[in-house]
Structure formats: C-alpha cells, structure tokens
Amino acid sequence: MSWYARLGIGFCLTCSVFLARGQVKISGIVTNKEDGKPMPGLSVTVKAKAGTTMLTYGLTDNKGAYQLTFKTTSDSVLITVSGMSIQKKTLSYPNKTGQQNFDMAYEGIVLKELKVTPPKIRRLNDTLNYAVDQFTGKNDRTIGEVLKKMPGIKVAENGSITYQDKPINKFYIENQDLLEGRYGIATNNIAAKDVETVQVLENHQPIKALKNKEFTDEGALNLKLKDGAKNVWVANAQLGAGLSPLLWNNELLGTYFGKGKQLITTYKGNNTGDDSGADLRNFYGGDRNLPFPVSLGIQSPIEPGLSRKRYLLNQDHAFSLNHLRTLGKDYKLTTNISYLNDRQEKNSYSRTENFLPGDSTLVIEERLKSITRYHHLDGSLKLNANTERFYFENSLNFSGDLQRRENGTVENQQLISQERTAPYFKISNNLSLLRNYKKLTFRINSYNGYGKLNDGLAVQPMLYPLLFSDPGFPIGMDQSLTQRLFISQNSFSFRIKDGKFSQNYLATANASLLKLNSSLQSILENGSLGKQTDSLSNHLNWNRYDFGLAPEYSYLEKKTNISLKLPLSYIRLDRNDLIPNRRTGQERVFFMPSLSANYQLNLLWQFSAYAGYSQNIEGAENGYTGYVMQSYRYLVQNEGKLPERSMQSYRIGFRYNHPIKMVFASFYSTYYRSKMNLLYGNEFQDFLTLRKTLDIPNTANGHSFMLNLDKGFNGLIQKLSLDAGYDNSENTQLNQTSLTRFLNLKYSAGLRVNGKLGEWADFNYGLRYGSTKSILKNDDRDFAPIQSATQSGGINLFPSKEIVIRLRYENGYNSAVTGSGRAMNFADAGIRYRLKKLEFNLEYNNIFNTKRYIAAAYNGIGSYYSSYELRPSQVLMKVRFKIK
Amino acid sequence: MKTLLIALSFCCFSNLAFAQKTDKKIQDTVTVRCYYLLSKKKDASSPVYRRDTMVLDIGKRISRFYDPARLGRDSAVSNLLEGINSSEITSMNVYKNETKDISNVPGTKQSNAMEGESYQILKDKQTGLLTVFDYLSNYKGSKFQYEDPFPKLDWKLVEGSDTIANYACQKALLNFRGRSYTAWFSPDIPINDGPWKFSGLPGLILKVEDTAQLFSFTLIGMTQPKTVLPIALSKTDFLKCTRAELAQQQKKQGMGTQINFSDGVVNLVVLPGKYEPILMELE
C-alpha cells in the first residue's frame with residue numbers, strides 16, 4: 001500500500017469516525033410519573049454537555065414520543081424535558097444513538113412577573129385618566145391624599161377641588177353623583193388602594209340632554225374603583241385616645257358601591273382639632289338661595305391662616321348617611337342626611353388699627369374668648385333622571401341649626417360679656433325639567449323656599465346708656481332680630497339649535513318676601529327687658545319682584561365657542577317700613593350684557609375671554625332704618641336711600657396642558673371698575689363704630705394677575721407646582737368726616753414639591769410668600785408693606801413594609817410682628833405600624849409646644865394684628881381596623 | 001339614495017355590534033398574559049412610526065394574540081352606532097374624499113386603519129390549527145376569518161444569547177413568507193408560543209424582528225393572572241375566506257371612519273387617503 005493509499009484510508013477512517021459521531025438519533029417516550037400516561041406537547045431539547053447553544057429540539061407527540069437528530073463533537077449531551085406546569089428534568093446521555101424515556105411530575109411554575117407600567121396620565125377624547133397606583137405613596141391612605149399629587153388637580157385646605165383653577169362641577173363615584181357636592185366624605189374616607197383611575201372629564205356638561213348644546217369650561221372628577229372594591233360591603237373603624245388634656249378621636253365608615261346602589265355612611269368625632277364637619281361641606285354651593293340679609297355676631301377671634309388642626313379647640317360629632325339607588329331605567333333617588341354637633345373654643349388677643357385722617361390712628365385692643373355650640377342638621381331627597389332626551393330633577397332640602405349658642409367675653413378697658421343664640425331653619429324645593437324636541441330644548445325651573453332665623457345678642461354691661469331712656473341702672477343690652485324669608489324663583493327657557501348656532505330665550509319671574517323684626521332693648525337690673533323704642537326697632541316688610549327676559553346667542557364649534565347674553569330685567573321693590581309707617585316703591589330696569597369666548601388652538605392650548613356689565617340694587621341689609629347692634633361695638637342704621645352699584649368686568653386667560661409631558665399651566669388676568677351712588681364710612685366713637693352713609697357717587701377699580709404652573713415628573717421629584725399672583729384694588733371710603741381714596745396691593749407666590757427617594761422615603765415641601773401694602777392717596781400716607789412667608793416640609797420614611805415614620809416641620813414669618821413671635825416654628829412626628837389587619841398610628845403634634853400664632857395684615861383703611869391661642873403639644877394613639 | 005344605503009348598512013352594523021356584545025364563546029382561560037411592543041418602521045434607517053402594545057393571552061390549549069386598544073377604539077365606534085335610535089336621526093352628513101377632521105369634536109369615535117392592528121390570531125395547541133380573525137376598517141364592518149395551515153415553522157437554532165426582560169434567551173432564525181426573522185426565545189419559560197403567527201420554539205419567544213427591521217415585537221410585560229380571565233371570541237359570524245381573499249379585500253379598504261352623533265345629527269367622515277400598509281407576509 002502506497003503512502004498515499006494509507007493516508008487515504010486514514011482520512012476515510014477519520015471521516016467515518018466523525019460521521020459516526022455526526023448523526024446521533026435519540027428517541028424516547030415521555031410519560032406521567034403518576035399514572036404512566038403519555039404526555040404530549042412537551043419540549044425536549046438537547047445541548048452539548050459544556051455548550052450553551054441548543055443543538056436541536058422537539059415536541060412530544062400524542063403518544064408522548066420524541067425524536068432528536070443532531071451532530072456534536074462532545075462526549076455526552078444534556079437532554080432537557082420541560083413544559084408549563086411540569087417539573088423540568090435534565091439528564092446526561094452519551095453522544096450516541098439510543099433511547100431514553102422520561103417520567104415527569106407536575107409542578108406549578110411561577111414566572112418572574114414583569115409589570116407593564118401604563119403611562120401615569122392618559123388622554124382619551126375629553127377625559128384624562130390618572131393611574132392612581134402610580135401616584136400613591138406608602139403613607140397615603142385616602143384618595144384625597146393622592147389627588148394632591150396629581151398634576152393639574154388642586155385640593156385646597158378646605159378640601160375643595162379645582163382642575164386648572166376652576167372648581168369642579170361634579171364629583172362622581174363610578175359615574176354616580178352620590179354625595180351631591182359634599183365630596184369630602186369620599187376624598188377623606190375612600191381608600192386610595194380601592195381606586196383604579198381618577199378621571200377628569202374636561203368641559204363637563206352634567207345634563208346629558210344639553211351635551212353639545214350648552215358649553216361649560218368646568219371639569220368634573222370621576223373615581224373608577226377597582227373590581228375588588230365594587231359590590232362588597234366594607235366597614236372600617238378607628239379608635240384613638242391621647243393626652244393632654246384627655247383626647248379622643250374615633251371614626252366609623254361603611255360603604256357599598258354596586259351597580260344600582262351606592263351607600264356611604266360615616267361617623268367621625270374628636271376633640272383633637274380635626275374638623276369632622278369639613279367632610280360635610282357642600283362644594284357645589286348648597287342652599288345659597290335663601291340668604292338672610294342681616295346677622296348678629298359676637299366679637300370673636302379671627303381664625304389664623306394656618307392649618308386648622310393647629311388651633312381648633314373642638315369637641316365634635318359628625319354623622320352622615322348618603323344613599324343612591326336607581327329606579328327603573330332612567331331614575332335615581334339620592335338621599336343625603338348629615339348631622340353635626342360641635343363645641344369650639346377660641347382665645348385671642350387682637351389689635352385693630354384704623355388710620356384716621358391727619359396722621360392719627362385709632363387703636364382697638366381686645367382680649368377675646370368665645371365658645372360656640374351648635375347642632376346642625378342637613379337633609380336632602382333628590383329624584384332625577386338624566387337622559388339624552390330629557391332631564392328631570394326634584395330635590396327637597398332641609399337645613400338648619402337646631403340649636404346655636406355663642407358665648408364670649410371681651411376685655412378691652414372693661415370686661416364685656418356677649419351671648420348669642422341663633423337657631424334657624426330653611427326648607428326648599430327645587431324642580432327642573434328639560435326636554436329636547438328635535439332642534440328645540442325646553443327647560444322649566446322652579447325653586448321655592450322658606451326660612452326663619454331667630455337671632456339674639458345680649459351684651460353686658462350697658463355700654464351705650466345714652467341710647468336708652470329706661471329708669472334705674474340697666475345692666476346690659478339685648479338685641480333681638482327675627483327674619484322670615486320666602487323666595488320663589490321660576491324660569492322657562494327654550495333653545496333652538498341650528499348647526500353651530502343656538503339661541504336660548506329665558507323668561508324669569510322671581511319673588512323674594514322678607515319680614516324683618518328687630519328690637520334693641522336694655523336689660524334691667526331685675527333681668528327683664530326695658531321698653532321698646534322706635535329708633536331702636538325695625539318692623540319691615542321688604543318685597544322684591546323680578547321679571548326678566550334673557551336672550552342668549554351662542555356659536556359652538558369644535559375649536560371655538562362664543563356666547564352673548566343680553567338679559568333685561570324689571571325690578572319692583574316694595575318696602576313697607578311699619579315703624580315710621582313709610583311705604584316706598586322703587587322700579588328699576590337693568591340691562592346686563594356679557595360676552596364670553598373660548599378658543600381651542602390645538603389639543604394643548606386654550607384661550608378664553610370674558611367681558612360683562614352688571615347692575616344691582618342692594619337689599620335689606622342696607623335698608624333698615626332703626627338701629628341694629630350687629631356686635632358689641634358695631635351699630636348700624638341706614639338712611640332711606642338704597643345703594644345701587646354698576647360694574648364692568650373683564651377677564652382673559654389661557655390654559656396649556658400636555659398630559660404626556662404632565663405639564664399644566666394657566667394664566668388669568670382680570671380688571672373691574674364699579675360705580676356706586678352712595679358712599680359708606682365708619683365713624684369711630686371710642687371703640688364703637690357707627691356706619692355712615694353719604695349721598696356721594698364714587699368709583700372703585702382693581703386688576704389682578706394669576707399664574708399657575710404644574711409639572712409632573714417620574715424621578716426624585718414627582719410634582720412641582722408654582723403660582724404667582726398680583727392684586728391691586730382702589731376704593732373710596734369715608735373716614736370719620738373726610739373722603740379717603742386708598743389703594744391695597746397684594747403680591748403672592750408659592751412653590752410646592754412632592755417627591756420620592758426610591759422605595760424608602762417620600763417628601764413634600766411648600767413655600768408661600770405674601771406681601772400686602774396700603775396707600776392712602778389723599779394723605780400721601782404710605783405704610784410699610786407687611787410681608788409674610790410660611791414654609792412647610794414633611795418626610796415619610798418606610799424602613800419596612802409595615803412601618804411608616806412621619807416627620808413634619810412648619811415655619812412662619814411675619815415682618816409686622818416685633819419680638820419673639822416674628823418667626824414661628826412647628827414640628828410634628830408620627831409613626832404608623834401595620835400588624836395584619838390592624839393599623840396603629842402614634843402622633844406627637846406641636847412638639848415645640850408653640851402657644852400662639854401671630855398674624856398681621858392690611859385691611860381696608862386699617863390694619864390688624866392678632867395673636868391666637870393654639871393647641872398645646874399632644875400625643876395621640878389611633879388604631880384603625882376593618883370590621884367587614 | 002346614497003344616504004339611504006349608508007343608513008341601511010348602518011343598521012346592519014349596529015345589529016352586528018349588538019350580537020357581538022351579547023354572545024361570547026369562552027374557549028379557555030388565561031394562564032399567562034404577555035404584553036409585546038410592536039414597533040413598525042417604513043425602512044431600516046427611518047424612525048419608528050407606530051408603536052402598539054399587543055397582548056398574547058396563553059391558555060392551556062388556546063392562545064390569542066390581539067391589540068386591545070384598537071379593538072377598544074373600534075368597538076367604541078360600533079357601540080356608538082348601536083346606541084343610535086334611528087328615529088332620533090334628523091339628518092346625516094357624510095364626508096367622503098374631503099379633508100375633514102372631527103376628531104376634536106366631543107363624542108367623536110374613530111377607527112383608523114393605520115392605527116393599531118385589527119387582527120386576532122388564535123392558536124390551538126391540540127389541533128395545531130392557527131385561525132386569524134379580522135375585519136375591514138369601514139363602516140360596514142365586514143368580519144372575516146381564515147384558517148392558516150402552514151407547515152411546521154423551520155426555525156434554525158444559531159449561536160447567540162441575550163437577556164430580554166431578565167430572561168436568558170437563545171437565538172433562532174426563520175424564513176417565513178418572504179421575510180427573514182430573528183427570534184430570541186427563553187427555554188426558562190417552557191411555553192411553545194410567541195407573538196403573531198410565531199410559535200414552535202422550545203420556550204416563549206420574547207423578541208422577534210425581521211432582518212430589514214421593519215417589524216419588531218418585544219416582550220414588555222408578563223403576568224400570571226390571579227383572577228379568571230377568559231379567552232373568548234364573539235360568536236358573531238365571521239365570514240370564512242382564505243388568506244389571499246382577505247388580503248384582496250384589505251387592499252380595497254379605506255383609511256377608516258370618524259363618527260359623531262349629537263342632537264339628531266350624524267356626522268360620518270370617511271377618512272381620506274389610500275390604505276397602503278407594509279405587509280408582513282409578502283407571499
């Protein structure tokens with residue numbers, strides 16, 4: 001054999017060895033370990049023992065059989081059988097053709113969860129959707145706390161919500177308006193974890209039948225709940241106790257949100273400074289159609305501009321029941337009942353300065369103490385239907401203070417005691433009907449209400465003996481005032497819509513009938529009242545009738561809407577003053593046109609403008625002729641003539657919002673100019689203020705700017721809000737005997753930041769600056785501006801899943817304050833611990849035990865300074881738990 | 001006459017939509033839900049012009065691949081049509097071959113053929129059958145379905161590994177209907193499935209793109225639902241056809257519709273332009 005041949009054979013041999021190694025076929029059956037049945041559809045893969053790449057793979061067939069054909073140089077291979085819910089099995093097998101069976105066991109498989117994070121804010125047509133989970137911090141329990149972090153949405157200290165600086169017109173839960181404006185009940189009680197999405201419905205028209213017919217630029221809010229929070233009864237409770245003095249703070253909450261039924265019932269009670277009544281405030285406006293024109297009052301401290309929790313000395317109990325159910329296809333019945341009982345104590349020292357002509361200043365110093373106790377009941381029953389075709393609503397409302405007592409003392413040169421009782425009630429019914437007939441819309445509205453206020457103020461000792469002619473030495477004065485008011489407001493309107501143009505004609509007929517009886521009498525030594533005198537009494541019937549016609553023309557297009565209103569009204573006022581037995585009748589015709597326009601440049605920018613002219617003639621508060629002691633140092637009496645005011649006002653603004661970039665900005669500027677036929681002024685006789693009226697026409701004007709900017713972020717800082725404002729107003733007032741033209745200037749600016757330090761902490765910081773200044777024009781008297789600034793910062797730490805540590809610091813500065821009160825510091829700390837279903841909360845508030853809050857500002861032609869007594873340091877332990 | 005025709009087809013659509021709402025056939029329940037980002041480019045060097053989040057619901061036997069946002073938008077159009085009582089219609093405006101856009105008018109719903117994906121792909125593991133459900137983007141709302149029997153996908157395993165969404169992945173190549181694809185699958189997720197029509201690898205496909213980089217599917221989310229989520233398909237009759245027949249119909253379809261109903265007036269805009277998508281399947 002030649003060398004070549006040997007080489008050739010050798011080569012062939014090598015090749016065949018390679019070949020033998022090359023094509024390997026492994027097959028087998030995969031069965032279930034339990035019952036020996038074949039397992040189809042499993043993956044069988046093979047790779048070289050030391051390799052990373054799969055050589056080949058196969059799937060088991062219906063008989064559980066598999067077959068793998070591959071090539072590798074490795075000595076042995078690894079065969080792996082895997083499948084969903086199957087325990088993965090890997091075997092080493094020599095690199096040669098053969099058979100290998102597998103028996104497999106079941107095993108639940110858990111994959112690494114990979115969360116898809118939806119964008120924080122999403123826009124769908126006119127709806128902005130805020131993903132609640134992405135805004136919720138670990139310390140946030142209620143949805144109200146989370147709302148504060150959402151860019152574009154603002155929650156004021158009192159709980160009212162604005163979207164792009166306009167109050168929301170509806171607050172829905174699952175598209176139902178259960179709370180009728182008292183949405184604090186929802187924001188302060190519904191847990192953030194139960195809410196999936198907060199929706200802002202922009203330009204929301206709550207009446208479906210008016211959709212695309214009547215434009216609104218207000219937004220509404222809707223809470224979309226998570227599935228787990230729907231159709232279940234939930235009951236939660238909180239118990240709390242603390243020192244000092246003995247403190248208590250308890251809550252009970254029951255909710256149900258189902259398809260045709262919603263219910264929230266709450267009880268809150270505490271003496272720890274949490275205003276339980278805050279939940280019950282109606283932010284839609286409530287029953288403002290029945291205003292009593294005159295009210296008495298005890299001189300009591302003006303509440304400081306500080307979080308109420310710092311100064312409210314309360315003992316309150318608040319209960320509410322809110323129920324909504326659907327009746328048939330279209331109708332809904334809503335019942336809201338609330339009851340509030342409170343006892344509030346206030347203590348302060350105040351100094352009021354009135355700048356008098358000729359460089360002199362009148363100073364009134366008062367040390368005030370007051371206690372207010374009341375029982376307030378509110379109830380309403382509403383039936384409504386809201387469909388595309390028609391709208392029906394009838395609501396019956398009751399509200400009143402079943403009892404109200406205010407006691408107080410004033411120490412100036414002497415000790416004066418004041419006592420006021422003022423129970424009142426109001427009952428009203430409101431009916432609205434609206435119906436569409438093709439291009440026409442008819443609307444009928446009728447409101448009828450009756451209310452009665454029994455006001456009484458007793459002041460001791462006798463301060464103004466010259467007013468009374470009773471024999472002996474009277475020990476005090478007693479002012480009684482009863483007002484009975486009936487109001488009926490009726491309107492009929494129809495709207496014709498033709499494409500983009502619509503015309504609306506509204507006819508109104510209103511009546512307001514008031515009976516006012518008052519008497520100021522001395523309190524005699526034996527406790528009985530002295531005789532009534534005509535100059536100190538009023539017996540007045542004040543009836544006003546309004547008839548009006550208000551055409552409105554509007555143009556509504558996708559980008560533009562313009563609306564022109566031309567209301568014309570005839571007013572007849574009958575005043576029957578029974579004491580001087582004088583009847584007067586007055587007639588007026590008012591024309592109050594207004595023009596408003598909105599223009600949407602694109603999805604991001606929106607512009608608005610408004611111009612209007614209004615006229616009014618004022619009511620009985622400026623029309624009674626006998627003296628009324630409104631407070632111990634304010635006596636009011638009017639001349640026969642009524643003030644009449646006309647005003648022109650203008651407003652322009654723009655809004656910008658970019659939900660994806662989370663930028664929300666708005667700017668507004670306003671100007672007004674008003675004219676009045678009468679001039680008012682105060683005349684000071686020692687500490688007594690007498691109101692004077694002069695027959696001098698005068699004007700007032702003012703302008704203001706407001707800028708707001710909100711930006712959301714995804715990093716360390718989550719939300720940044722900036723605002724700046726300027727306000728300028730010029731007025732004329734009678735100051736003692738001279739006419740004074742004065743200018744008030746206000747500047748304000750604010751900054752607010754919410755942020756998050758990874759998973760273990762979040763923080764917030766706020767800075768607010770304000771400056772006020774008064775200028776008396778004719779005296780050329782220029783007062784130093786009063787500047788104030790407050791800063792607050794808080795940090796929440798999350799050392800573990802169960803624990804939250806809260807720290808908070810506030811600092812206030814006021815340039816008008818001299819001495820130690822110029823800068824004030826507050827600090828609070830708290831810890832929350834979660835143990836299974838229990839949540840423990842330990843609070844330590846006002847750690848520095850800051851005792852007084854000092855405020856100062858300009859006020860008309862004067863300034864005031866007050867020092868208000870605050871809540872002392874307190875320690876409170878609360879336990880929250882789920883009942884159901 | 002034209003108005004009448006449209007009104008007629010309207011009623012048909014609303015009936016169809018109604019039927020769709022009431023009856024759904026539950027085929028399986030979701031064990032794993034995967035979210036894929038579908039990005040599309042006009043050519044390799046140009047930027048991505050469209051991104052959609054697609055969902056792959058995997059059950060024990062059936063899996064369903066679809067675009068929830070597109071289906072949501074389109075069903076909003078049909079729900080709006082369904083809600084209109086024909087007696088309330090006082091007038092109807094149809095805008096065709098005009099550049100009119102009513103998308104800013106409150107209440108407008110729109111279905112745009114270029115936005116999102118209208119197909120739903122059902123894979124049956126047991127029978128190996130792949131069925132595609134689709135409809136045309138016009139107000140007539142014709143619905144189609146076809147079975148797509150193709151031989152087992154001939155994936156080539158190649159060297160290469162990567163980590164996608166925290167899973168170690170292996171590379172595989174495939175030629176399918178005129179395009180070449182590169183896929184990344186994870187043997188750690190022993191699910192023989194993937195986005196679109198892709199499956200047949202020993203592990204879930206987490207990413208797949210064509211070599212020209214026009215289409216790319218990437219896993220962006222994965223959950224194992226704790227509540228029962230059905231894999232359901234409406235019982236509505238889908239017209240049976242072949243893949244070629246549907247492709248023919250789709251070529252003819254318009255860009256979509258915008259519809260608005262308020263105050264008795266129906267405004268219907270047939271979106272202008274020609275529907276010329278870049279197709280994944282070239283043959």
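Q: How many bridges join strand β30 (residues 560-565) of chain A to strand β33 (residues 594-600) of chain A?

A: Start with the general idea. Strands of a sheet pair through backbone hydrogen bonds, either parallel or antiparallel. Two strands count as paired if DSSP finds at least two bridges between them. Here β30 and β33 of chain A are joined by six bridges and run antiparallel.

Q: How should I read the model and its numbering?

A: This is a predicted model, in which local features need pLDDT of at least 70, side-chain atom pairs count only at pLDDT 80 or more, and totals for chains, interfaces and linings use all residues. Residues are numbered from 1 along each chain as its sequence is written, while chains are lettered from A and ligands numbered from 1 in the order in which they are written.

Q: Which strand does β33(A) join through seven bridges?

A: That strand is β34 (residues 605-617) of chain A, and the two run antiparallel. In this pair, A:Q600 has A:Q606 of β34(A) as its bridge partner.

Q: How many helices and strands are there in chain A?

A: First, the term. Helices (H or I, at least four residues) and strands (E, at least two) are DSSP runs, numbered from the N terminus. Chain A has three helices and 52 strands.

Q: What is the strand order in the open sheet of four strands in chain A?

A: The order is β3-β2-β5-β6, with antiparallel pairing. At the edges stand β3 (54-59) and β6 (89-94) of chain A; each has a single partner strand, so one side of each lacks a neighbour in the sheet. From one strand to the next, the twist averages 20 degrees. For such angles, axes are lines fitted to C-alpha atoms (for helices, over the stretch in contact), and angles run from 0 to 180 degrees between N-to-C directions.

Q: Which residue is the bridge partner of A:S76 in β6(A)?

A: A:P94 is the partner. Their strands, β5 (residues 76-82) and β6 of chain A, run antiparallel and are joined by six bridges.

Q: Which strands stand at the edges of the open sheet of twelve strands in chain B?

A: Read the order from end to end: β10-β11-β12-β13-β14-β2-β3-β4-β7-β8-β9-β16 (chain B), with mixed pairing. The edge strands are β10 (156-164) and β16 (239-240) of chain B; each has a single partner strand, so one side of each has no neighbour in the sheet. Within this chain, β2 (residues 32-41) and β3 (residues 48-58) pair in the antiparallel sense over ten bridges. B:K41 stands opposite B:V48 in β3(B).

Q: Where does A:N581 lie, and is this residue buried or exposed?

A: The backbone rule comes first. Most residues other than glycine have a negative phi, and most peptide bonds are trans. A:N581 has a positive phi of about 55 degrees, although it is not a glycine. A:N581 lies in the loop between β31 (568-577) and β32 (582-591) of chain A. A residue is buried if 20 or more other C-beta atoms, placed from the backbone, lie within 10 Å of its own, exposed if 12 or fewer, and partly exposed in between. A:N581 has 8 and is exposed.

Q: What is the phi of A:E174?

A: Phi is positive at A:E174, about 50 degrees, and this residue is not a glycine either. A:E174 is partly exposed, with 15 other C-beta atoms within 10 Å.

Q: Which residues does a cis peptide bond join?

A: A:Q460 and A:P461, with omega about 0 degrees. A:P461 lies in the loop between β26 (440-460) and β27 (476-498) of chain A.
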